[in-house]
Amino acid sequence: MQKPELDAADRRLLAALQSDARASGVELAEEVRLSPSQCQRRLKRLEETGLIAGYGVRLDRRRLGLDVVAFVQVTLARHGDDPAETFHAVLRDMPEVLEAHAITGDADYLLRVVAPDLQAFSDIVLKRLLALPGVATVRSSLSLGEIKATDALPLPE
């Protein structure tokens, strides 16, 4: 995948969007010091190249009653395409799993999981993850407090 060439105006536009994706075209143009038509053309180009992958809303998990955040390390008993694909399919169908990464080290996967309370989290681990065929071990770390949470990416110079 080729890294797109970004000039200073592109970086300002991307930074403005990461700060406020709901900004109007006029607001974005003012923020990045371009005319609205220039800003719109750049925005369309960045979307077409796939650099802007989409737009979304960040919900407040606590207001939704999701008070527990945990980082779960999972190790599979066997390795290979079939056990991994089966595990991946199950993860994709678990809305409580917000992120799943194949990792190096002692475990095979690192998951970020949310739950309403410790009992619900326990059920996710004991009744769903550990019950999966091929899962050997599950180790969890509960978040005691969020220090930083962002989806904003650092933009290259």
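**Entry 1. The second largest pocket**

How do the residues of the lining of the second largest pocket divide into nonpolar, polar and charged? I counted nine nonpolar, three polar and nine charged residues. For these classes I took Ala, Val, Leu, Ile, Met, Phe, Trp, Tyr, Cys and Pro as nonpolar, Asp, Glu, Lys and Arg as charged, and the others, Gly among them, as polar.

I note that this is a predicted model, in which local features need pLDDT of at least 70 and side-chain atom pairs count only at pLDDT 80 or more, while totals for chains, interfaces and linings use all residues. Residues are numbered from 1 along each chain as its sequence is written, and side-chain values use heavy atoms, with hydrogens and water left out.

This pocket is lined by 21 residues, and Arg-58, Arg-61, Leu-98, Arg-112 and Glu-146 lie nearest its centre. I found that β1 (68–76), β2 (97–102) and β3 (109–115) each give at least two residues to the lining. Helices (H or I, at least four residues) and strands (E, at least two) are DSSP runs, numbered from the N terminus. The space in the pocket is about 670 Å³.

On terms, I worked on a 1 Å grid over the protein atoms alone: a cavity is a set of points where a 1.4 Å probe fits but cannot get out, a pocket is an open set with protein on both sides within 12 Å along at least five of seven lines, and lining residues have an atom within 4 Å of a point. Grid points are joined across faces, edges and corners, and a volume is the space filled by probe spheres set on the points.

**Entry 2. The largest pocket**

I read about 960 Å³ of space for the largest pocket. Its lining has 29 residues, with Gln-18, Leu-51, Gly-54, Asp-151 and Leu-153 nearest the centre. By class, I list 16 nonpolar, eight polar and five charged residues there.

**Entry 3. The cavity**

I found one cavity of 30 Å³ or more, and the largest cavity has a volume of about 40 Å³. Leu-76, Pro-83, Thr-86, Phe-87, Leu-132, Pro-133, Gly-134 and Val-135 line this cavity. Helix α4 supplies the largest share of that lining, three residues. The lining has six nonpolar and two polar residues, and no charged ones.

**Entry 4. Phe-87 and the core**

I searched the whole structure for aromatic pairs and found one. Phe-87 and Tyr-109 form this pair, which is tilted, at 4.8 Å centre to centre and 50° between the planes. Rings of Phe, Tyr and Trp (its six-membered ring) pair if their centres lie within 6.5 Å; planes under 30 degrees apart count as stacked, over 60 as edge-to-face and the rest as tilted. Phe-87 lies in helix α4 (residues 81–92) and Tyr-109 in strand β3, so the pair ties together parts that are 22 residues apart in sequence.

Are Phe-87 and Tyr-109 buried or exposed? Both are buried (under 20% relative accessible area; exposed is over 50%, partly exposed in between, with a 1.4 Å probe and protein chains only).
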